[in-house]
Amino acid sequence: MSQIKYHRISWQDWSINRQIHQLYLTAFPAVERSPYLSLQFQVLIGKIQCVAYYDQDTFIGFTYLTTVGDTVYLLYFAVAPNLRGQGYGTQILAKVQELAAGRNLALDIEIVDRHAENFTQRLSRRNFYLRNGFQGGQYRFSISGERYELLTTNEDWTWSECDYLVQRLWPDQAFGENGAR
């Protein structure tokens, strides 16, 4: 495996956008996906950033990032299914750290629930992020009945900072479970 490279994607990068869109549809359940045209519009107006990652000329995955205050939020992150388990996810997170330029990184994952159909996948995903420098367990929130845990690279993050971020990203939709709203 060689050193991966990245490319910031604009809405005009048609060929790679097709690959990203296809991976997006297969990597995330419908309930967790924003409309793709909405994502593209957010890229167009500069509110979010889409980044594609490559090993040589092989597309290996993508991220959608946005900045809220001093935090870079990883909205979506996916590695091509045939390349998972080969260390690419860890390499992509290292590139995201570079793009964040020393700022806090945050993301959300589904709550690890033993009764969930995909319990093993949820646990594996959480462990992956913990191995790659994220901390969790401090802040949980709900959107449309789906429960999520906020993970962050800043071990000193407070509940109010987590709440601020979630409310900026999903105003009137997300409700923190750790305190009254």
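The crossing of helices α1 and α2 is right-handed, a term that applies when the near helix is turned clockwise from the far one by less than a right angle. The model is predicted, and local features need pLDDT of at least 70, side-chain atom pairs count only at pLDDT 80 or more, and totals for chains, interfaces and linings use all residues. Residues are numbered from 1 along each chain as its sequence is written, and side-chain values use heavy atoms, without hydrogens and water.

Two packed helices are described by the angle between their axes and the distance between the axes. Here the axes of α1 (residues 14–27) and α2 (residues 36–44) come within 11 Å and cross at roughly 135 degrees. From α1, Asn17, Ile20, His21 and Tyr24 meet Tyr36, Leu39 and Gln40 of α2, where contact requires heavy atoms within 4.5 Å. By class, this contact has four nonpolar, three polar and no charged residues.

Helix α4 (residues 119–131) has 13 residues, which should span 18 Å at 1.5 Å a residue; its end C-alpha atoms are 18 Å apart, in agreement. Within α4, Phe119, Arg122, Arg126, Phe128 and Tyr129 are buried, that is, under 20% relative accessible area. Their cover includes β4 (71–79), α3 (88–100), β5 (104–110), β6 (135–143) and β7 (146–152). Just after α4, Gly133 takes a positive phi of about 95 degrees.

The loop between β6 and β7 contains Ser144. Ser144 is exposed, because its relative accessible area is 67% and the term applies over 50%. Ser144 and Val31 lie 113 residues apart in sequence and 9.0 Å apart in space, C-alpha to C-alpha.

Technical notes:
Axes fitted to C-alpha atoms, helices over the stretch in contact; angles between N-to-C directions. Helix = DSSP H or I, 4+ residues; strand = E, 2+ residues; numbered from the N terminus. Nonpolar A, V, L, I, M, F, W, Y, C, P; charged D, E, K, R; others polar. Expected span 1.5 Å × (residues − 1). Buried < 20%, exposed > 50% of the residue type's maximum accessible area, 1.4 Å probe, protein only.
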